[in-house]
Amino acid sequence: MKNIKYIAIVTLLVSLTISCKKEPSRWPDKIATDEVGEFVLVERSDSGFVMGSDDIEGSSPAHKVDFSKPYYIGMYEVTQAQWEQIMGSNPSEIKGEDKPVTNISVDDINKFIKALNEKSGRVFRLPTEAEWEFAAMGGTKSKGFAYSGSDNADDVAWFADNSGDDLHSVGLKQPNELGVYDMSGNVAEWCNDRFAAYTNKTQTDPTGPTTGSYRVYRGGMFDFSSEKCMNKTRLSTGNSSRLYNIGFRLVLTEPKSGELK
């Protein structure tokens, strides 16, 4: 009889413990914002991912990178209309409200982000180079394509052979495995990292060096060769550069309260 009572008490305690546990936060697959459009979830991989390539000049050595938590990345590059909505003017040399905003430096972008965060109540920022590459590769859904969503550049990218030497509106090519558009071609995209050579050391949430006069940009451009549009290709230019073929997309790291279920 004592054993039966003991078992009943233990069962009750276990049941109460389980019922009191909170369900872990669930990150929705997408989050829509009024200011800068939709964001796609990039789930972290328990095994990390291999960043860089030993076969591409400037992108070696290949090395392992882990992330401590998921993040959201913009489905599209920030457009000229979205920039003008926040900043009140359009600096782009090649105009078109649905085309990516260009001719902006990283300092310009940080001013845009500050104003956007104050207006939206969210936390947006530039992606790190590692976040950019992992998302371009398709995250945990990656099929190992050379370009973001295909082994055929023409499927997913505007580049020198198919762009007509012109900038195009966002989202006209096929998306990658995550449903993200234009990470190869059209405009290259600023990353938050200053440029430095890779090492073969495993890293978690790398952010690049804290000093340096060159900044990383990734993804290739509408007037560059397809090789420059590959997921693993690294490019860099001066921190203060404002170029007609470099734009950016955002990462969302802290959604509003209630957006995580």
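My entries on the helix pair and the strand follow.

**Ground rules.** I am working on a predicted model, where local features need pLDDT of at least 70, side-chain atom pairs count only at pLDDT 80 or more, and totals for chains, interfaces and linings use all residues. Residues are numbered from 1 along each chain as its sequence is written, and side-chain values use heavy atoms, with hydrogens and water left out.

**Helix pair.** I looked up α2 (residues 80-87) against α3 (residues 106-120): they pack at about 70 degrees, axes 9 Å apart. Helices here are DSSP runs of H or I, at least four residues, and strands are runs of E, at least two, numbered from the N terminus. Axes are lines fitted to C-alpha atoms, for helices over the stretch in contact, and angles run from 0 to 180 degrees between N-to-C directions. I noted α2 as roughly perpendicular to α3 (65 to 115 degrees).

Which residues of α2 meet α3? I found Q82, W83, Q85, I86 and M87, facing D108, I109, K111, F112, A115, L116 and K119 in α3; contact means heavy atoms within 4.5 Å. I sorted the residues of this contact into seven nonpolar, two polar and three charged.

**Strand β7.** Is β7 (residues 188-194) mostly covered or mostly open? Mostly covered: five of its seven residues are buried (under 20% relative accessible area, 1.4 Å probe, protein chains only).

I then checked its partners, where pairing takes at least two DSSP bridges. With β11 (residues 246-247), β7 runs parallel over two bridges, and A188 stands opposite I246. With β9 (residues 214-218), β7 pairs antiparallel over three bridges; there E189 sits opposite R218.

Definitions and conventions. Angles under 35 degrees count as roughly parallel, over 145 as roughly antiparallel, 65 to 115 as roughly perpendicular and the rest as oblique. Ala, Val, Leu, Ile, Met, Phe, Trp, Tyr, Cys and Pro count as nonpolar, Asp, Glu, Lys and Arg as charged, and the others, Gly among them, as polar. Buried means under 20% relative accessible area, exposed over 50%, partly exposed in between (1.4 Å probe, protein chains only).
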